[in-house]
Amino acid sequence: MNTLIEFLEVHGGEMIYLTWQHLYITLSALFLGTIVAVPLGILLNKVPRKFGQFIIGIVSIMQTFPSLAILAFVIPFLGIGQGPAIFALFIYSLLPILRNTYVGIRGVDPALNESGKGMGMSAWERVRHVELPLATPVIMSGIRLASVYLVGWATLASYIGGGGLGDFIFNGLNLYQPEFIFAGAIPVTLMALLFELTLSKMEKGMTPNGLKAAA
Amino acid sequence: MLKFENVSKIYSGNHYAVQNLSFEVEKGEFIVFIGPSGCGKTTTMKMINRLIDPTEGVISIDDKDSNLQDTVQLRRDIGYVIQQIGLFPHMTIQENVTLVPRLLKWSKEKRKERAKELLKLVDMGEEYLTRYPNELSGGQQQRIGVLRALAADPPLILMDEPFGALDPITRDTLQGEFKDLQQRLGKTIVFVTHDMDEALKLADRMLILKDGKLVQIGTPDEILTEPANEFVEEFIGKERLIQMRANVETVEHMMNKHPVTIHESASLSVAIQVMREKRVDSLLVTDSEGYLKGYVDIEMIESNRNNNKTIADIHLTKIHTVHKKARLRDSISRILKLGASYVPVVDDDMRLLGILTRATLVDVVYDSIWGHEDPGKEDQIAATVEESVL
Ligand SMILES: Nc1ncnc2c1ncn2[C@@H]1O[C@H](COP(=O)(O)OP(=O)(O)OP(=O)(O)O)[C@@H](O)[C@H]1O
Ligand SMILES: [Mg+2]
């Protein structure tokens, strides 16, 4: 107990700062991932099916690269620091969101699309008033999934000088100081849980009422 | 209102889904496309609002080539009900019903008013406005689907098997309601079905398709009385042809073509003789051109007997007649109501063509029970009758 208080007295400020940094990296990557992957997922439903599948395939392959490899890969192009770290994580967030958006929109009953089209909705109006609302639950769960991954992966940002709670964890590992490992890992875990909870709340909140009653 | 000129739809090379289709639909008309599965009904319908583009030919609406119009605009002016209803599950009934008005940028108040107005048309209360489609029964959803197509008051409405998924009783109710509604609002309706009963019930005219080609177009009566070929006959079904015979058959087909008549110049004594010979108690009086003048019966002759008069001299009683094109069913009920033993059948100029007797009624009932042409059975029955007499 004493060690904990001592540790917090010495490193508490830094811990708060790193936690904030971690959150910032995660949220930035998630935000970028969402604003890129959701429109892309919608668009992929408008192009020939083969092409859509092809893009999804490529993104899936990118997902299998080890995280460190991607981080290492961005250094020659973007250098080191927070920006490159966010960029690398953003690449990672794409797949879950893209795939869920694509699948979610593909899953909208074609009859509804046809009915909308037949009533004179333009392509955009159908996206806005039919496809997006109906795919929202699936898209949101993709974002939630991505967020939980990102909180974990964001620890690796520390490797390329991106900061975050990874600094504590890797310092602890390098210097054999378990208290640092805990000081990093515990907030990361809590943060992941927090994202999971918040986003699943949002997911429920954003699910259209007419769909809820059906479930 | 709607005109097809040599319209074809060709899929992948040389498969004609619809081939060289030409027809016209009048304003306010209820036209039903009917035919077996895959004959091109849906394709034909969807070419109207250009969900499918025709490969060849011209479709015009109010004399405007639809191909030259903006599709989104075109569709907003045409109501559309798809087979699967297609209500948006995430929108309330009000939002669903007033979707097209919303696209057309009506104000919120106006949309709400319209939604209430529409629900009234099908006797649904305002409390439904805030419900979601999954909180409605199938029949109610179907009604909402139809209302949605009516929302912006389009003159033309397309419906692809809109009552397909309903139980027979609900379907029957909705068909009735809908036909009323259509007549009240004066809409032009293009309706797809493969259900012959539905088509006969709703259609002003039916368009029968087979393998993408038009086989026959006409009113239900025309199609029932004069099926274009064996395919149509088979498609209508023997049962139905027989059942409908009484409903649509004209008097002309079933009348007795040899009524007992007498010329107006004949004398009363000749009239009596004819009556005796033919064992009848009244005669139809005609002139030299065959025009019906009236009738004489035994009592009338009796009271004029003493003088040597001709029939033309006595005051002839006017008699109820039926036109040759009149429905048999209506005419029969007329005979029954009048209590007359027969009714003369005449043409446009009151020329006598035949008579309809109570015996005709028996024929019709017989037909509808045992079929029209089945001499085998007839013999059998005759035989049984004889036996029982013995
Ligand atoms: N996209 C398409 N590509 C190729 N052929 C098609 C396509 N859509 C329809 N067809 C063919 O065109 C023909 C007519 O189809 P259509 O959907 O109009 O039939 P239908 O009369 O509506 O049948 P049903 O009563 O089963 O709905 C069918 O032979 C069908 O296989
Ligand atoms: Mg069809």
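Predicted model: local features only at pLDDT ≥ 70, side-chain atom pairs only at ≥ 80, totals over all residues.

Biologist: In which strand of chain B is Asn6(B) found?

Modeller: Asn6(B) belongs to a run that covers residues 2–11 of chain B. That run is strand 1.

Biologist: What is the phi of Asn6(B), which is not a glycine?

Modeller: Most residues other than glycine have a negative phi. Asn6(B) is not a glycine, although its phi is positive. The value is about 45°.

Biologist: Is Asn6(B) buried, partly exposed or exposed?

Modeller: Buried means under 20% relative accessible area and exposed means over 50%, with partly exposed in between. Because its relative accessibility is 45%, Asn6(B) counts as partly exposed.

Biologist: Where in chain B does Met350(B) lie, and what is its phi?

Modeller: Met350(B) lies in the loop between strand 15 (342–346) and strand 16 (352–357) of chain B. With a relative accessible area of 37%, Met350(B) is partly exposed. Its phi is positive although it is not a glycine, at about 70°.

Biologist: How many helices and how many strands does chain A have?

Modeller: Read along the sequence, chain A follows the pattern α-α-α-α-α-α-α-α-α. Its C-alpha atoms fill a box of roughly 70 × 40 × 20 Å along the principal axes. The count for chain A is nine helices and zero strands.

Biologist: Which domain does UniProt list for residues 19–199 of chain A?

Modeller: Over residues 19–199 the chain is 83% helix and 0% strand, with the end C-alpha atoms 19 Å apart. The UniProt entry is unreviewed, and the name it gives for this span is "ABC transmembrane type-1".

Biologist: Which domain does UniProt list for residues 2–236 of chain B?

Modeller: This span of chain B is 38% helix and 26% strand, and its end C-alpha atoms lie 26 Å apart. The name, again from an unreviewed UniProt entry, is "ABC transporter".

Biologist: What percentage of the residues in chain A is buried?

Modeller: Chain A has 215 residues. The buried ones make up 50%.

Biologist: What accessible area do the residues of the nonpolar surface patch on chain A have together?

Modeller: The patch is formed by Phe31(A), Leu32(A), Ile35(A), Val36(A), Leu40(A) and Leu43(A). Among them, Ile35(A) lies in helix 1, residues 2–44 of chain A. Ile35(A) is partly exposed, because its relative accessible area is 45%. Together the patch residues have about 510 Å².

Biologist: Which residues of chain B gather in a patch of negative charge on the surface?

Modeller: One member is Glu26(B), in the loop between strand 2 (15–25) and strand 3 (30–34) of chain B. Glu26(B) has a relative accessible area of 49%, so it is partly exposed. The patch consists of Glu5(B), Glu24(B), Glu26(B), Asp62(B) and Asp63(B).

Biologist: Why does the salt bridge of Arg76(B) with Glu125(A) join two chains, and how far apart are the closest N and O atoms?

Modeller: Side chains of opposite charge can pair when their charged atoms come close. In this pair, the closest N and O atoms are 2.8 Å apart. Arg76(B) lies in helix 2 (residues 71–76) of chain B and Glu125(A) in helix 6 (residues 123–153) of chain A, so the pair joins two chains. Both residues are buried, and the separation asked for is 2.8 Å.

Biologist: How far apart are the closest N and O atoms of Arg143(B) and Glu177(B)?

Modeller: The two residues form a salt bridge. The pair links distant parts of the chain, with Arg143(B) in helix 6 and Glu177(B) in helix 7 of chain B, 34 residues apart. Arg143(B) is buried because its relative accessibility is 15%, whereas Glu177(B), at 27%, is partly exposed. The closest N and O atoms are separated by 3.1 Å.

Biologist: How many salt bridges are there over all chains?

Modeller: A salt bridge requires a side-chain nitrogen of Lys or Arg within 4 Å of a carboxyl oxygen of Asp or Glu. Over all chains, the count comes to 18.

Note on methods:
Residues numbered from 1 in each chain as written. Chains lettered and ligands numbered in written order. Heavy atoms only, no water. Patch = residues over 30% accessible without salt bridge, like charges linked within 9 Å, V, L, I, M, F, W, Y side chains within 5 Å. Areas by Shrake-Rupley, 256 points an atom, 1.4 Å probe, with all protein chains shown as cover. Lys, Arg positive; Asp, Glu negative; His and termini not counted. Charge placed at Lys NZ, Arg CZ, Asp CG, Glu CD. Helix = DSSP H or I, 4+ residues; strand = E, 2+ residues; numbered from the N terminus. Buried < 20%, exposed > 50% of the residue type's maximum accessible area, 1.4 Å probe, protein only. UniProt positions renumbered as here; feature names shortened; annotations may be inferred.
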